[in-house]
Structures are given as structure tokens and as C-alpha cells.
Amino acid sequence: MNIKFEKKFSEVQIDSFIQRIFNNYKKNPTDSYHFDLTETEWISNQGLLLFTGILKYFLEKKVHFEILFIKKGMSTRDVP
């Protein structure tokens, strides 16, 4: 499952974020998750707490996930 974070991730996006993950996990618990934060500039404290809680749960349940902070193939020299 691919999840692309918007420029800002706050309480406004939390409900849809949780619903997408919950519904997908319920249907397919072996699915892998790809979190794309390449365009994200800001995450609220509540959003960060929720996101890290989900990651901890995935680690405990051995669910494969990947987090992208920069676009694949981009040199670290090109990161702004």
C-alpha cells in the first residue's frame, strides 16, 4: 500500500490516514506499506505520535514497511 503524505500532516488528515491503514490491514494483513514523505515539510506532534505508534505496531507484527524521505535515486548532495 502506498501512502503519500501531503506537504503538511496534521489533525485534519489523521482520520483518513488511520482509516486507510486500518481497512487495508484488515483486508490484507500481509501487505507491505510504503510511506512517501518526500514532499512533507511539517508534521504535527499528534501526527508524529500516531505515525511512530503505527510503525512500532508494524515492527511488533513484522509487517514490512518502507519510509521515503527523499526520492529514490536522488543523491544526498542534491537534497535541499
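Setting aside anything up to four places away in sequence, Ile-3 touches Phe-17, Arg-20, Ile-21, Tyr-33, His-34, Phe-35 and Asp-36. Keep in mind that this is a predicted model.

So where does Ile-3 belong? Ile-3 is one of the residues with the most contacts inside the largest nonpolar core, along with Phe-5, Phe-17, Ile-21, Tyr-33 and Phe-35. That core has 15 residues. As for who contributes, the elements that give two or more residues are α1, at 11-27, β3, at 33-36, and α2, at 45-60. And which element gives the largest share? That would be α2, with four residues.

Let me step back to the whole chain for a moment. We have two helices and five strands, and reading along the sequence you get β-β-α-β-β-α-β. The C-alpha trace spans about 40 × 25 × 20 Å along its principal axes. Of the 80 residues, 31% are buried. Now take the contacts between residues at least 6 apart in sequence: 71% of those join residues at least 24 apart.

Ile-21 sits in helix α1. Buried or exposed, then, for Ile-21? Buried: its relative accessibility is 7%, and the cut-off for buried is under 20%. Beyond its neighbours within four places in sequence, Ile-21 is in contact with Ile-3, Tyr-33, Phe-35, Ile-54 and Phe-58. You can see the contact with Ile-3 from both ends here, as Ile-21 was also on the Ile-3 list.

Staying in helix α1, have a look at Gln-13. This glutamine counts as buried because its relative accessible area is 17%, under the 20% cut-off. Leaving out neighbours within four places in sequence, Gln-13 is in contact with Glu-6 and Lys-8.

Next, Ser-44, in the loop between β4, which is 42-43, and α2. Ser-44 is another buried polar side chain to look at, with a relative accessible area of 4%. What does the side chain of Ser-44 do there? One of its polar atoms lies 3.0 Å from the backbone nitrogen of Gly-47. Aside from neighbours within four places in sequence, Ser-44 is in contact with Phe-9, Ser-10 and Glu-11.

Last one: Lys-62. Follow the chain out of α2 and you'll find Lys-62 in the loop that runs between α2 and β5, the strand at 65-68. Lys-62 counts as exposed because its relative accessibility is 74%, over the 50% cut-off. What is phi doing at Lys-62? Phi is near 60°, a positive value, and this residue isn't a glycine. For context, most residues other than glycine have a negative phi.

To wrap up: we have a core of 15 residues, with α2 giving the largest share, then buried Ser-44 in the loop between β4 and α2, and exposed Lys-62 with its positive phi.

Key. Residues are numbered from 1 along each chain as its sequence is written. This is a predicted model: local features need pLDDT of at least 70, side-chain atom pairs count only at pLDDT 80 or more; totals for chains, interfaces and linings use all residues. Side-chain values use heavy atoms; hydrogens and water are left out. Buried means under 20% relative accessible area, exposed over 50%, partly exposed in between (1.4 Å probe, protein chains only). Contact means heavy atoms within 4.5 Å. A nonpolar core is a set of buried Ala, Val, Leu, Ile, Met, Phe, Trp, Tyr and Cys residues joined through side-chain atoms within 4.5 Å. A polar contact is a pair of N or O atoms within 3.5 Å; within protein, one must be able to donate a hydrogen and the other to accept it, and residues adjacent in sequence count only if both atoms are side-chain atoms.
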